[in-house]
Number of protein chains: 2
Amino acid sequence: MSGEFERIARFFERGAERLRGSLANTAVLGIGDDCALLSPGSQTRGDALCAISTDMLVAGRHFWPDVNPASLGHKALAVNLSDLAAMGARPRAFTLALALSDNNDDAWLDAFCEGLFALAAEHACELIGGDTTRGPLCICITVIGDVDLQRCLRRDRARPGDHIWVSGELGAAAYALRHPGLSRSADERLLRPQPRLALGTALGRHSSCAVDLSDGLLGDLRHILERSQVGAQVHAERIPVHPALLGLPLPEQRALALQGGDDYELLFTAPPDASEALHALSVTLGLALTQIGVITKDRARDVVDASGQSLGLRFEGFDHFTPH
Amino acid sequence: MSGEFERIARFFERGAERLRGSLANTAVLGIGDDCALLSPGSQTRGDALCAISTDMLVAGRHFWPDVNPASLGHKALAVNLSDLAAMGARPRAFTLALALSDNNDDAWLDAFCEGLFALAAEHACELIGGDTTRGPLCICITVIGDVDLQRCLRRDRARPGDHIWVSGELGAAAYALRHPGLSRSADERLLRPQPRLALGTALGRHSSCAVDLSDGLLGDLRHILERSQVGAQVHAERIPVHPALLGLPLPEQRALALQGGDDYELLFTAPPDASEALHALSVTLGLALTQIGVITKDRARDVVDASGQSLGLRFEGFDHFTPH
């Protein structure tokens with residue numbers, strides 16, 4: 001299925017590419033990264049860019065229709081803010097387009113708004129426009145942020161020798177999806193992911209390459225490797241696994257942490273001499289930052305165990321959240 | 001139904017208003033106009049603003065699922081570009097989020113892209129990002145444009161004594177919806193509306209108040225009257241009716257032209273001394289511009305016939321395009 005939608009996305013990428021060829025004033029960065037980057041006007045001086053990203057959440061595909069509406073309001077904005085974080089951008093504003101069914105009554109809307117606006121207030125992100133219609137429940141949010149050209153985090157900026165880092169602890173959302181109700185903290189990670197905006201904006205001094213983890217670490221790392229035209233060696237034993245997973249057999253822990261989705265942590269690369277500053281940043285933010293591997297010049301990708309043996313894992317998310 | 005969705009929209013307006021109260025750096029213009037206006041970054045000099053608008057089109061509500069996909073691709077972008085036109089903004093870029101069903105095969109996508117990208121190329125509007133998923137067919141486009149603070153066209157800028165103007169000829173789309181296949185030019189207006197971008201950007205020198213006609217002239221004029229806190233007298237006999245309607249009884253002509261939706265012409269106000277320049281602009285653009293009434297200080301709204309008699313029409317769109 002994800003292959004099918006990659007194929008479909010290529011229809012639009014091809015069209016967008018042809019279109020760019022005919023335009024005089026194109027975006028700094030178009031399709032293919034966490035956000036697009038747009039120079040905001042011909043009169044604008046300096047390196048201020050608009051970072052823009054859009055995500056559509058469909059009932060029955062990205063969430064169960066009976067999900068807690070406050071969590072849904074939170075998550076619909078969180079996944080978009082996570083794209084800004086992965087670009088190193090500061091949130092400014094968002095638009096919300098919403099198709100609502102008969103089940104979405106006033107109590108539902110109240111709770112949805114509560115989750116949505118609480119997160120928006122936390123990150124000073126203003127609702128500036130929207131569209132409401134009737135239809136099968138569907139939420140489309142577009143976020144707009146600010147980022148300086150010199151501080152943005154692009155997928156195509158990994159360099160051989162860079163260390164590969166990841167924030168937080170992985171696998172909790174995928175665990176909660178399979179074992180709901182067993183771990184409150186894992187459930188919370190699935191339902192209310194925290195976009196790593198403070199990390200994203202601070203990273204620009206140390207890194208120029210990041211992606212957010214939505215489809216699983218290996219699948220998202222692949223985006224960096226392909227766009228940067230490099231390879232990677234990842235050390236399985238260094239992967240920061242969420243405590244909820246520690247009772248599981250090691251292969252299942254690794255599968256959830258490396259290939260499970262919906263973590264919304266940041267994966268980034270940085271030159272080795274940034275390590276000290278990144279450890280200090282980790283302390284400042286109160287957020288684990290873990291070096292899990294290295295970018296290689298040859299294009300090979302591998303996950304190895306402590307003895308250096310390949311685990312033969314594929315660099316793909318194996319199970320995006322798909323109730324149907 | 002439209003009342004129901006106005007009620008729902010207020011949930012989000014209230015939330016957005018509370019949120020604005022807690023923010024330091026808010027948008028120049030938030031919810032309630034054709035576009036939001038955002039100053040694009042703290043470092044930005046001058047009056048360059050981002051104009052942003054979003055629209056969601058749902059199969060079975062805004063279009064039949066078996067509509068010609070090239071027309072759908074055109075229209076999905078056109079209705080968004082029309083919001084930029086109504087703000088006086090120049091298009092820069094758009095994002096596309098798309099839920100596709102099993103029926104949307106390669107041939108469908110090819111045609112959809114053809115309609116979409118042809119219009120995007122015509123108006124130099126770049127596709128910069130998107131999201132593709134499976135679901136009941138649903139299209140959400142967000143457009144981003146540029147506009148100068150001094151040249152933008154806001155709904156809250158009508159002044160007593162201003163003339164009320166409208167572009168083009170009205171009622172064709174509503175006619176085609178009721179009588180499909182009888183008039184090729186009316187069908188074309190319904191399926192492939194032309195966003196009035198050249199008019200919108202030129203208007204900024206003569207007008208500071210406009211709205212695009214999506215829900216019908218009287219309903220859309222009401223948005224201007226409410227936000228500007230003024231009234232209006234509209235002269236029914238001056239309404240430019242599309243030729244396809246001329247065989248219909250006069251009351252039906254008026255209903256379609258004044259209350260039918262989907263015209264995507266611009267309704268704007270301008271001081272009386274701008275009339276000569278507007279007639280000249282009409283010639284330059286090859287687009288009819290017709291003065292249809294006047295803004296009044298008292299809040300009354302009325303449509304009168306040639307003898308000055310009130311027609312008793314309500315300032316509401318009576319029939320937005322709702323197949324189900």
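In strand 4 of chain B, which residue is the bridge partner of Leu100(B)? The partner is Arg134(B); the points below place this pair in its context.

1. Basis of the note. This is a predicted model, in which local features need pLDDT of at least 70 and side-chain atom pairs count only at pLDDT 80 or more, while totals for chains, interfaces and linings use all residues. Residues are numbered from 1 along each chain as its sequence is written, chains are lettered from A and ligands numbered from 1 in the order in which they are written, and side-chain values use heavy atoms, with hydrogens and water left out.

2. Relation of the copies. The same surface serves both, since 100% of the contact residues of chain A recur in chain B (contact: heavy atoms within 4.5 Å).

3. Strands 3 and 4. In chain B, strand 3 (residues 90-100) and strand 4 pair in the parallel sense over eight bridges (strands are DSSP runs of E, at least two residues, and helices runs of H or I, at least four, numbered from the N terminus; two strands pair if DSSP finds at least two bridges between them). Seven of the nine residues of strand 4 (residues 126-134) of chain B are buried, so this strand is largely enclosed by the rest of the structure (buried: under 20% relative accessible area, 1.4 Å probe, protein chains only). In chain A, strands 3 and 4 likewise pair in the parallel sense over eight bridges, and Ala93(A) stands opposite Glu126(A).

4. Helices 2 and 3 of chain B. Helix 2 (residues 69-85) and helix 3 (residues 106-122) pack at about 35°, their axes 6 Å apart (axes are lines fitted to C-alpha atoms, for helices over the stretch in contact; angles run from 0 to 180 degrees between N-to-C directions). Among the residues making the contact are Leu77(B) and Leu81(B) of helix 2 and Trp108(B) and Phe112(B) of helix 3.

5. The open sheet of chain B. Six strands form an open sheet in the order 7-9-6-10-8-11, with mixed pairing. Strand 7 (209-212) and strand 11 (301-304) are the edge strands, each pairing on one side only. The twist averages 25° from one strand to the next. Strand 7 pairs with strand 9 (residues 266-270) in the antiparallel sense over four bridges, and Asp212(B) has Leu266(B) as its bridge partner.

Note on methods. Buried means under 20% relative accessible area, exposed over 50%, partly exposed in between (1.4 Å probe, protein chains only).
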